[in-house]
Amino acid sequence: MNTPGDQPLSGIKILDFSQIMMGPVATQLLADHGADVLKIERPGTGDIFRQALVDPDGAEHPAFGAVNRNKRSLVIDVRAPEGLALIEDLVATADVVVNNYRPGVMERLGLGYERLAALNPRIVWAQGTGFGAEGAYVRKGGQDILAQALTGAMSHKADDAHPTAIYPVSLADYTAGMNMVQGILMALLQRQRTGRGQRVEVSLYDSLLAMQILEATMALMDRDTLNWARMPLVGTFATTDGEIVLVGAFKPNPLRDICAALDLADLSQQPDFATMEAQAANKGRLQAVLTESIGRFSTAEVIERLEAQDVLCAPVRTLTEALADPHTAPMITEMARHGRTPLRSVASPVHLPDQPPAPHRAPPALGEGAAEALGEFGIASERIEALRAAGVLA
């Protein structure tokens, strides 16, 4: 079995001040692939996300666990001089410091990049924010849904008649977290050549703008609005026992092939549907025909028919159904945790067959693993006990 010491990021030490999702999902991916992540948490409550949901598992609820495996937890009062001094000693031998506070918070704590780089010129200091380190929204609280609204991501609709809706998955948080991973890895590679670390900055706002790179570039170049969901042969359609999604694109004449699959006369021979422009102009009529035709079949039957014509399609499933699919099985990980039922979650999406991730540590309880981690940083046990007695460490 692969062990943490065999992995690509083995030996990389990360001090993780981040909380909720953007930062934690980034540091978890790094930890999955061997980085040693010490989660720095505030006394009493720890990561805000520990208290965000009412759950039978309390502060160790599954949503918190979903983004905090393979980490250890250090509960410390960094506002106390002794606490700040301990963090500074950890920074001296760390590789990466991660936070997702608002701009200026780490500086006020005495943990800004300039200060930490003076202690350790090799440090990579990574910050995730809502809206960046400068600009009109620099002081605005960052949150996934706000970023969806402000970047225009929430405005995209398949039909103008549809109400504006919040995308209910943490799109901005996850995207920004993955951008943070890339930035950290690039900074570490650069450090191999220069011997110096650097700042890494990502934001929810920039990440969602970048996710819309196709649509934004078309708009910036004064082209027609690009909206895949509004294409005339794209949509969701009810079957006798469910729904499918159809993507009639990326072929010379997808309508001809769809008609063949559905036992219809070739509509692409009619002037009203002969070109993509004509299909778009008559989309309502065209989709009415598809709705009626697809509605005659079961999901399995219509999928089989369409795929026989090499038409892109899929059943519309719930997440529960997707998780139960045998194809999903390699992406499900299970870890024992603190005498509770094992935590079942989603594994790393990065596949390195020669060095696969090896989940080896359950998400930490508040303060779990601190003494072990501090010892590995060279902090004497007597100092640890003295800091606990003083209330600096929990």
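The following exercises, each with a worked solution, examine a predicted model of a single chain.

The structure is a predicted model, in which local features need pLDDT of at least 70 and side-chain atom pairs count only at pLDDT 80 or more, while totals for chains, interfaces and linings use all residues. Residues are numbered from 1 along each chain as its sequence is written, and side-chain values use heavy atoms, with hydrogens and water left out.

**Exercise 1. The chain as a whole**

Task: Describe the secondary structure, extent and burial of the chain.

Solution. Begin with the secondary structure: the chain has 16 helices and 11 strands. Here helices (H or I, at least four residues) and strands (E, at least two) are DSSP runs, numbered from the N terminus. Next, take the extent: along its principal axes the C-alpha trace spans about 85 × 50 × 40 Å. Then consider burial: 45% of the 394 residues count as buried. Buried means under 20% relative accessible area, exposed means over 50%, and partly exposed lies in between (1.4 Å probe, protein chains only). The chain exposes about 19800 Å², of which carbon and sulfur atoms supply 57%; accessible areas come from the Shrake-Rupley method with a 1.4 Å probe, and for residues only the protein chains shown count as cover. Finally, turn to contacts (heavy atoms within 4.5 Å). Among those between residues at least 6 apart in sequence, 70% join residues at least 24 apart.

**Exercise 2. Helix H10**

Solution. The buried residues are Pro254, Leu255, Asp257, Ile258, Cys259 and Ala261. Just after H10, Asp263 takes a positive phi of about 60°.

**Exercise 3. Salt bridges**

Task: State how many salt bridges are counted, and examine particular pairs.

Solution. Start from the rule: a salt bridge is a side-chain nitrogen of Lys or Arg within 4 Å of a carboxyl oxygen of Asp or Glu. By this rule the count comes to 24.

1. Glu201 forms a salt bridge with Arg199, with the closest N and O atoms 2.7 Å apart. Glu201 is partly exposed at 44% relative accessible area, and Arg199 is partly exposed at 30%.
2. Arg317 and Asp325 meet in a salt bridge of 2.7 Å, N to O. Arg317 is partly exposed, with a relative accessible area of 42%.
3. Arg388 and Glu385 meet in a salt bridge of 3.4 Å, N to O. Because the two are 3 residues apart in helix H16 (residues 381-389), Arg388 and Glu385 are separated by about one helical turn. An α-helix has 3.6 residues a turn, so residues three or four places apart point the same way. Arg388 is partly exposed at 31%, as is Glu385 at 46%.
4. Asp36, Arg72, Glu372 and Glu376 are linked in a network of salt bridges.

**Exercise 4. Surface patches**

Task: Identify the residues of a positive patch and of a nonpolar patch on the surface.

Solution. Begin with the rule: patches are made of residues with over 30% relative accessible area and no salt bridge, like charges being joined within 9 Å and nonpolar side chains (Val, Leu, Ile, Met, Phe, Trp, Tyr) within 5 Å. Lys and Arg count as positive and Asp and Glu as negative, whereas His and the chain ends are not counted. The place of a charge is taken as NZ of Lys, CZ of Arg, CG of Asp or CD of Glu.

The positive patch is formed by Arg42, Arg79, Arg108 and Arg139. Arg42 lies in the loop between strand E2 (36-41) and helix H2 (62-66) and is partly exposed at 37%.

The nonpolar patch is formed by Ile213, Leu214, Trp228, Phe250 and Leu312, with about 570 Å² of accessible area together. Leu214 lies in helix H9 (residues 213-220) and is partly exposed at 47%.
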